[in-house]
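Hello,

Below is the structure I said I would pass on.

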Amino acid sequence: MSEPVVLGIESTCDETAAAIVRGRTLLSNVVASSMNEHARYGGVIPEIASRAHAEAFVPVVSKALADADMTLSDVDAIAVSSGPGLAGCLAVGVSGAKALAWAANKPLYGINHVIGHIAVTQLQFGPFPPDTLALIVSGGHTSLLHVEDVARHVDVVGTTLDDAAGECFDKVARLLGFPYPGGPHIDRHAQQGDPHAIRVPQGLTQGKAAAKHPYDFSFSGVKTAVARWIEEQQASGREIPVNDVCASLADSVATVLARKAMRGCEQYDSSTLIVGGGFSANSQLRAKLLEFGADHGVEVRIPEIKLCTDNGAMVAMLGVNLVEAGVKPSSPDFAIDSAMPMNRIVAE
């Protein structure tokens with residue numbers, strides 16, 4: 001069988017994206033973001049995002065096809081994110097993809113976009129070794145997954161019990177007066193600060209909590225501790241050392257993520273850790289994971305920045321895996337699933 005050509009469509013949050021992948025080769029990758037429209041509100045507004053998807057869908061898909069010098073008839077299958085994500089946003093992408101698939105008579109896969117974050121690393125690093133572990137870190141998800149077969153079998157090893165890493169950063173960023181999204185601002189200031197200036201707790205890493213949740217994550221306590229420290233400084237009239245606050249927060253979160261990921265690799269006898277999701281663009285986390293990986297003999301695969309955030313390439317790449325594995329396409333009336341579980345790879 002020749003290498004399958006898949007059109008991938010993504011619309012889970014505030015990026016409308018489409019890409020075409022042939023085998024393990026990225027032929028086009030187009031992203032339209034509505035981020036600037038949400039910034040003034042301090043977070044993503046679902047209605048605005050949905051309207052932006054509706055406006056961008058046809059231009060983005062058309063450009064992805066044009067950039068790859070293809071038409072829909074050249075594509076073997078279409079893949080679209082069907083969850084998890086914002087329901088209104090998912091509905092726009094899925095209904096558009098269903099219309100395209102029906103019109104062009106192509107098989108359609110409704111995929112789990114979080115698993116797409118794992119699959120996309122194949123574009124850079126090639127196939128997965130057996131017993132690969134994946135750390136997914138994004139605005140809404142912090143998950144540790146065991147990848148037995150990216151097209152057929154993924155197990156949840158650990159998950160977020162409250163705030164995900166990205167949410168924690170955004171909430172602290174708001175306290176520091178940074179515009180939305182706060183992550184890049186914290187990253188930039190952290191590079192100038194002292195990571196040991198403020199004692200920031202590391203959730204679920206001590207005592208009974210660590211024993212009960214060895215691979216789970218909790219960042220709400222981190223957020224609360226930093227918020228309280230900032231409030232105390234303000235109450236006593238002291239200036240907030242913004243760089244040091246950012247560095248201490250980033251170091252705490254990165255250390256917890258790296259330590260738990262390495263413990264998972266030991267548990268599953270895995271020598272490869274795949275990292276994905278928008279928060280994996282954070283420079284402190286990237287450095288910490290590579291440092292811990294070197295210490296533990298684990299190869300850490302972190303994709304280039306443009307493939308960390310939501311994009312069509314990750315959807316198309318997972319679609320290629322599904323076609324190659326002979327997984328049957330989703331039924332024509334498959335539903336979106338805004339809370340799609342991490343162990344469901346494709347909608348039936």
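An open sheet is built from five strands in the order β8-β7-β6-β9-β10, with mixed pairing. Strands β8 (153–158) and β10 (299–301) are at the edges with a single partner strand each, so one side of each has no neighbour in the sheet. From one strand to the next, the twist averages 25°. Strands here are DSSP runs of E with at least two residues, helices are runs of H or I with at least four residues, and both are numbered from the N terminus. Two strands count as paired if DSSP finds at least two bridges between them.

This is a predicted model, in which local features need pLDDT of at least 70 and side-chain atom pairs count only at pLDDT 80 or more, while totals for chains, interfaces and linings use all residues. Residues are numbered from 1 along each chain as its sequence is written, and side-chain values use heavy atoms, with hydrogens and water left out.

Within the sheet, β6 (residues 132–137) and β7 (residues 142–149) run antiparallel and are joined by six bridges. Leucine 135 is opposite leucine 144 of β7. Helix α10 (residues 242–267) packs on the sheet and touches β6, β7, β9 (272–276) and β10. The direction of α10 makes about 160° with that of β6; axes are lines fitted to C-alpha atoms, for helices over the stretch in contact, and angles between N-to-C directions run from 0 to 180 degrees.

Next, the cores. A nonpolar core is a set of buried Ala, Val, Leu, Ile, Met, Phe, Trp, Tyr and Cys residues joined through side-chain atoms within 4.5 Å. Buried means under 20% relative accessible area, exposed over 50%, and partly exposed in between (1.4 Å probe, protein chains only). The largest core has 45 residues, of which Leu257 and Leu273 touch the most other members. Helix α10 gives this core its largest share, 13 residues. Apart from it lies another core of 36 residues, including Ile274 and Met342.

Contacts of lysine 288 (heavy atoms within 4.5 Å), leaving out residues up to four places away in sequence, are Asp251, Ala254, Thr255 and Ala258.

Elsewhere, strands β2 (residues 15–22) and β3 (residues 25–33) run antiparallel, joined by eight bridges. Their hairpin has two residues between the strands, and glycine 23 takes a positive phi near 65° there.

Regards
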